[in-house]
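Dear colleague,

I am passing on the structure that we spoke about, and my notes on what was found in it follow directly below.

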Amino acid sequence: MRLSTVFAAASVMALAAGGQALAGPTFDAVREKGFVQCGVNGSGLPGFASVDDKGEWSGLDIDLCKAVAAAVFGDASKVKYTPLTAKERFTALQSGEIDMLSRNTTWTLTRDTALGLDFVGVNYYDGQGFMVPKSLGVKSALELDGASVCVQTGTTTELNLADFFRANNMSYEPVVFETNDELIGAFQAGRCDVFTTDQSGLYSSRTKFENPDDFVVLPEVISKEPLGPVVRHGDNEWGDVVRWSLYAMIEAEEYGVTSENVDELKANSTNPTVRRLLGVEGEFGKALGLPADWAYQIIKQIGNYGESFERNLGENTPLKIKRGLNDLWTRGGLQYAMPFR
Amino acid sequence: MAAAAPRPGGGRRTVFWNDPRVRAIFAQTVVLLLVIAGVAYLVNNTIANRERLGVASGFDFLRQVAGFDISQTLIDYDRTFSYGRAFVVGLINTFYVAVVGIVLATVIGFLMGVARLSSNWLVAKVADAYVEIVRNIPLLLQLIVWYFVVLAGLPAPRESIALGEGAFLNIRGLFLPKPVFGEGTAIFLAAVGLAVIAVIVLGRWARRRFEATGQPFPVFWTALAILLAVPALGYLLAGMPISFEYPKLGKFRISGGLVMLPEFMAMVAGLSIYTGAFIAEIVRAGILAIPKGQWEAAQALGLSRGQTLRLIIIPQALRVIIPPQTSQYLNLTKNSSLGVAIAYPDFFNVAGTINNQTGQAVEVIAITMAVYLSLSLTISAFMNWYNARMALVER
């Protein structure tokens, strides 16, 4: 854990030494090595990134890694995953250890600029919330004066938490953990009154609890947490590939293209947008440096955004998260793909 | 140059490239240049790459507002203080846990080391088992176990265990009354200082008297009396300036008073018990290194076993013990960086947070390495001084 941070930092220096080779676009390097190295949540966040007993990864963030692989290689399985803690993630990306970061990471100004990174989209609109044991009898986050709060290090959460308590003139005791698993252990043992992170993370972590029903998420959402994929700054061609892979999934949902009907639509659809999306018309693949059927491959192998959401987070999963902000813009949500034109 | 001067005895002049000294200097120069070039290449590339990525660099961030809180702060700190201040808070936390850990580990180590040599079978075997079990399990694992043992073993705040008046123990920590220093504290402190000086003077006088006349003086009891009586008198004279702030049970936690966090307790337990096992072995080795003849000579002089240990064996064993002991102290200090796993806000933990909030990995890692290096060198310097003091003085 701590060593890997040191290694990551050391590799910043080491890789910087071989810098000239790295200066070329990641896209070429990815094509050459034949797989996408994707940085994901290593402590296991069911619904976003978790690994089963067969070593298979699944989750909303994982689907995005697979979508990029499907677009580039026509094969969603050509991904290698690097599990990362919140603390290690940016160094891993800066140093070139991974090609893209898809690890429920909040898009902020500092990260987008001073850290030398580029956010290329939002695959989940989230907000920070609080979870408390029901037995505490707390109904609102404003009743939390003096509480001790379990929080994960290296997150925007840590800062929002400080801001929230300060703005409301309340005191608290932060108990800062490096990994989510240790945090969950300590929270269940009663070390803290409150567990705070993005709301999706609270719901997801709660599925790992021994007695999930004893805990309740408070109604307040104290921050905006747009979570999305990240690439290195200045890596524009590669950034385009990741960005439009995500948009292809969203656009597919908007136009009703699913993994089930994609073959049929590709053959028979008369809708020009669908025809462009699936590479029947236009040369969008070429513009991105991808095969013409790149979006078809994404939809065929992974499905559209809605399918991915329902499979990983929706009503039929233990998380039971509603679409809410993550619904399409046409249905009152925020998910909106730029036009395929 | 030797090659230039004519050799006495008219020996054949060597060509300069065959002169071993010239060759040595040449080789060293080449190696040095290679090293410098290598370092320059790395540094240059790091800077260039960070600029290309648009990563901010430099140490200006130290003055920016940190914006995060730390659970254990021994100096004033909250989210409005700077990153630099946060580093200092972390450093003090590391120092705190290291000092307490070193003291406890030394005590445990000495007791267990002596116990391993005990003629009592049970005591010796218990000490054996302790050493063999503890030093063969990774420290990180032990820390996590201790943390969850501490957490699982302690009650919720509402069911706090009361320890005498105004002291509580629960899952949020150990709460003790906090002394509040009022007016007149200076008089009390002066009395304490006076007592300490008196005891030192007394000790010297008693020693000189013992060396001159051979008559022992009950130094321990007299010193204890002075240490208790003089400050107590000063305290009363100053009008009892120190009061106590008692911890109070609030809605979520106990407020006020002094608190020892469960993370801190788990850290101290884990570090001191782990390092204690190694120290026990060092102490055992140190004692065994003293020739049996010393024991027998002491016995012949009529010294008891305790006196033999205290006056003859330990002083000599210390010379063997101190150097490896230094390494254990250094290990303990560096191992305290594992606190990050159990939410103890030590230097490494705070540095990690700062690294993540600012993204200045190279600077933060450089500061971290420099700090651990200086901490280690400080401890090392102190132990070397102590070693020199304890070393055999050749007369």
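The contact between the chains draws 45 residues from chain B and 46 residues from chain A, where two residues are in contact if their C-beta atoms, placed from the backbone, lie within 7 Å. This is a predicted model, in which local features need pLDDT of at least 70 and side-chain atom pairs count only at pLDDT 80 or more, while totals for chains, interfaces and linings use all residues. Residues are numbered from 1 along each chain as its sequence is written, and chains are lettered from A and ligands numbered from 1 in the order in which they are written.

On the side of chain B that touches chain A, at least two residues each come from helix 1 (20–53), helix 4 (139–153), helix 10 (347–358) and helix 11 (361–390) of chain B, and helix 1 of chain B gives the largest share, nine residues. Helices (H or I, at least four residues) and strands (E, at least two) are DSSP runs, numbered from the N terminus.

Chain A holds an open sheet of five strands with mixed pairing, in the order 10-9-11-8-12, two strands being paired if DSSP finds at least two bridges between them. Its edge strands, each pairing on one side only, are strand 10 (172–177) and strand 12 (215–217) of chain A. Strand 9 (residues 147–152) of chain A runs parallel to strand 10 of chain A and is joined to it by six bridges, and A:V151 has A:V176 in strand 10 of chain A as its bridge partner.

Best regards
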